[in-house]
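Student: I have a model open and would like to go through it with you. Could we start with the strands?

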Amino acid sequence: MRGLVRFGINNIYNIETDEGFLECRIKGKKLKSDVIEYNPLSSGDYVEIEKDLNHTGKGMILSRCERNNSFGRWNRKRACIQTIAANIDVLVCILSPESPAFRPRFADRVLVNAEDNIPVIIVLNKIDQKIDAATEERIIDWQRMGYEILKTSAKNGTGIETLKEKINKKTAAFVGQSGVGKSSLLNAIEPKLNFRIGEVSQKFNKGTHTTCYSILDNWNNGTIIDTPGIKEIDPVGIEPEHLSHFMRDFSPYIGKCSHSVCYHRDEPGCAVKEAVLKGEIIEPRYDSYLRILNDLETRINYNKYRKER
Ligand SMILES: Nc1nc2c(ncn2[C@@H]2O[C@H](COP(=O)(O)OP(=O)(O)O)[C@@H](O)[C@H]2O)c(=O)[nH]1
Ligand SMILES: [Mg+2]
Ligand SMILES: [Zn+2]
């Protein structure tokens with residue numbers, strides 16, 4: 001029987017099936033996988049399960065079905081991939097203009113990470129707060145690249161109907177730093193949703209350290225995956241020399257540099273750098289690029305060091 005992973009805590013997974021929710025463990029403790037992962041299953045994963053005939057409401061997970069896509073990050077502490085949500089139709093990246101401070105580099109990292117397989121909507125929540133010129137510049141720049149931007153206020157209701165339309169009949173994963181208004185938006189979309197997600201978090205958050213997991217829940221018009229308030233998104237699965245392919249505004253200049261392999265740093269005849277100087281690529285985007293590039297390179301060196309040790 002097939003099931004959908006709603007959430008998993010301490011190796012016990014809550015699975016949605018045609019016959020209701022089942023509490024499942026992985027049969028044999030481990031799933032077959034080629035890569036080392038922080039979590040073998042994530043919210044949104046489909047799994048093959050067998051019911052436990054002796055215990056109602058329980059079952060065993062036999063395998064993970066192939067993913068259409070997944071959104072994850074590099075977990076620095078454990079040095080492995082951490083999947084945040086799987087099989088997503090749309091990724092909703094929430095930012096706020098003032099409190100907490102606008103973090104465009106967070107969004108740039110989300111965009112890089114989702115670029116090849118997941119559509120993203122950038123939601124600027126709390127638009128009842130002051131929006132400064134630098135924030136507007138970034139918003140306009142993302143729009144220019146073709147990203148969808150939505151301005152909302154969970155406080156006064158602005159943009160909520162539009163947001164609902166955008167995620168209608170879809171599986172939408174919500175990402176954002178804590179404090180940007182994720183819970184408030186969920187509550188504005190469907191009060192029951194926020195209540196249920198809050199209840200699950202509370203129930204399992206009693207431990208000494210805060211657990212980090214996503215939760216999938218259905219509402220009248222679709223499915224939402226609420227993700228933990230993540231501070232940093234470290235892109236995964238990208239070679240440093242390919243990073244520029246994941247920066248949409250860089251694409252007109254790719255392949256036009258003097259060096260065939262160009263990292264777009266200080267290489268002479270770099271078309272990307274030239275575009276930055278001409279203002280065709282804005283400085284803050286180039287800055288985001290350099291920071292992500294550094295992170296990816298540091299990680300390679302680190303992995304190499306670990307291998308050699
Ligand atoms: N001014 C304003 N405050 C908001 C808005 N949305 C949420 N907040 C407030 O921001 C704080 C954090 O909201 P919350 O939904 O808990 O954020 P989360 O940590 O992302 O889930 C709370 O005090 C909310 O009342 C908004 O649109 N405008
Ligand atoms: Mg919250
Ligand atoms: Zn270059």
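Tutor: Gladly, and keep in mind that this is a predicted model.

Student: In what sense do strand 9 and strand 10 pair, and over how many bridges?

Tutor: Strand 9, covering residues 120-124, and strand 10, covering residues 148-151, pair in the parallel sense, and four bridges are found between them.

Student: And which unit do they make with helix 2?

Tutor: Together with helix 2, which spans residues 133-144, strand 9 and strand 10 make a right-handed β-α-β unit.

Student: Switching topic, in what order do the five strands of the barrel close?

Tutor: The order is 1-2-3-5-4, with mixed pairing, and neighbouring strands of this sheet are turned by 50° against each other on average, if direction is ignored.

Student: Now the ligand: which residues are closest to ligand 1?

Tutor: Ligand 1 is surrounded by 16 residues, the closest being Lys155, Gly181, Lys182, Ser183 and Ser184. Helix 4, residues 182-189, gives the most to this shell, with three residues.

Student: How does that shell divide into nonpolar, polar and charged?

Tutor: Ten of the shell residues are polar, four are charged and two are nonpolar.

Student: Last one, what are the domains?

Tutor: The domain assignment gives domain 1 as 2-64, domain 2 as 86-226 and domain 3 as 240-308, and the C-alpha centres of domain 1 and domain 3 lie 40 Å apart.

How values were computed. Residues are numbered from 1 along each chain as its sequence is written. Chains are lettered from A and ligands numbered from 1 in the order in which they are written. This is a predicted model: local features need pLDDT of at least 70, side-chain atom pairs count only at pLDDT 80 or more; totals for chains, interfaces and linings use all residues. Domain bounds come from an automatic or database domain assignment. A residue is near a molecule or strand if its C-beta atom, placed from the backbone, lies within 6 Å of it. Helices (H or I, at least four residues) and strands (E, at least two) are DSSP runs, numbered from the N terminus. Ala, Val, Leu, Ile, Met, Phe, Trp, Tyr, Cys and Pro count as nonpolar, Asp, Glu, Lys and Arg as charged, and the others, Gly among them, as polar. Two strands pair if DSSP finds at least two bridges between them. A crossover is right-handed if, with the strands pointing away from the viewer, the path from the first strand over the helix to the second runs clockwise. Axes are lines fitted to C-alpha atoms, for helices over the stretch in contact, and angles run from 0 to 180 degrees between N-to-C directions.
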